[in-house]
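Here are a few friendly notes to read beside the model.

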Amino acid sequence: MTTLFQIGQSLRAERVHQKKPKTKLAKASGVHRNTLSGLEAGTANVELNTLITLCDQLGLDVVLVRKEVANMVSTDGELQSSALSRVLSNRLRRTTLTGDS
């Protein structure tokens, strides 16, 4: 399960990667800098709309995935591609055959 701390760390890593100052991201997102600091530290609980807005500003998307797929990401963030491909391929095949989405 993803924790608030992990979400905050991911946001911070992307912000730092983009060399975007915390104050600039906070202002562009309409979020107080202290709220952003708390979120990045994993101590602030923010509304989903706030998280989505921050992600939009960083060019990220909030995506819900099945735990079986999420568990295919190793601790260093690399996908175990063969297992992931198998799950997604099977899912696509079932959707195509049954007409479900």
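1. Of the contacts in the protein with a separation of 6 or more, what percentage comes from residues 24 or more positions apart? The figure is 47%. Please keep in mind as you read on that this is a predicted model.

2. Let's start with the overall plan. The protein has six helices and zero strands, so its pattern along the sequence reads α-α-α-α-α-α. There are 101 residues, and 21% of them count as buried. The accessible surface of the protein is about 7500 Å², with 52% of that area belonging to carbon and sulfur atoms.

3. Now look at where two of the helices meet. Helix α1 covers residues 4–17, and its axis comes within 6 Å of the axis of α3, crossing at roughly 115 degrees. From α1, the contact is made by Leu 4, Phe 5, Gly 8, Gln 9, Leu 11, Arg 12 and Arg 15, while α3 brings Leu 39, Glu 40 and Ala 41. Sorted by class, the contact of α1 with α3 holds five nonpolar, two polar and three charged residues.

4. One residue of that contact deserves a visit of its own. Glu 40 sits in helix α3, which spans residues 33–41. Is Glu 40 buried or exposed? Its relative accessibility is 3%, and because the limit for buried is under 20%, Glu 40 counts as buried.

5. What does Glu 40 touch? Setting aside neighbours within four places in sequence, Glu 40 is in contact with Gly 8, Gln 9, Arg 12, Arg 15 and Lys 22. With Arg 15 there is also a polar contact, side chain to side chain, at 2.6 Å.

6. Next, turn to helix α4, residues 48–58. Its buried residues include Leu 51, Leu 54, Cys 55 and Leu 58. Why do they share a side of α4? They cover an arc of only 100 degrees around the axis, and therefore lie on the same side of the helix.

7. Follow α4 around to its other side, and you will find Asn 49 and Asp 56 exposed. The buried residues of α4, in contrast, are covered by elements including α1, α2 (22–29) and α3. Finally, look just after α4, where Gly 59 takes a positive phi of about 75 degrees.

Key:
Residues numbered from 1 in each chain as written. Predicted model: local features only at pLDDT ≥ 70, side-chain atom pairs only at ≥ 80, totals over all residues. Heavy atoms only, no water. Helix = DSSP H or I, 4+ residues; strand = E, 2+ residues; numbered from the N terminus. Buried < 20%, exposed > 50% of the residue type's maximum accessible area, 1.4 Å probe, protein only. Polar contact = N/O pair within 3.5 Å; in protein donor to acceptor, adjacent residues only side chain to side chain. Contact = heavy atoms within 4.5 Å. Areas by Shrake-Rupley, 256 points an atom, 1.4 Å probe, with all protein chains shown as cover. Axes fitted to C-alpha atoms, helices over the stretch in contact; angles between N-to-C directions. Nonpolar A, V, L, I, M, F, W, Y, C, P; charged D, E, K, R; others polar. Arc of directions from axis to C-beta.
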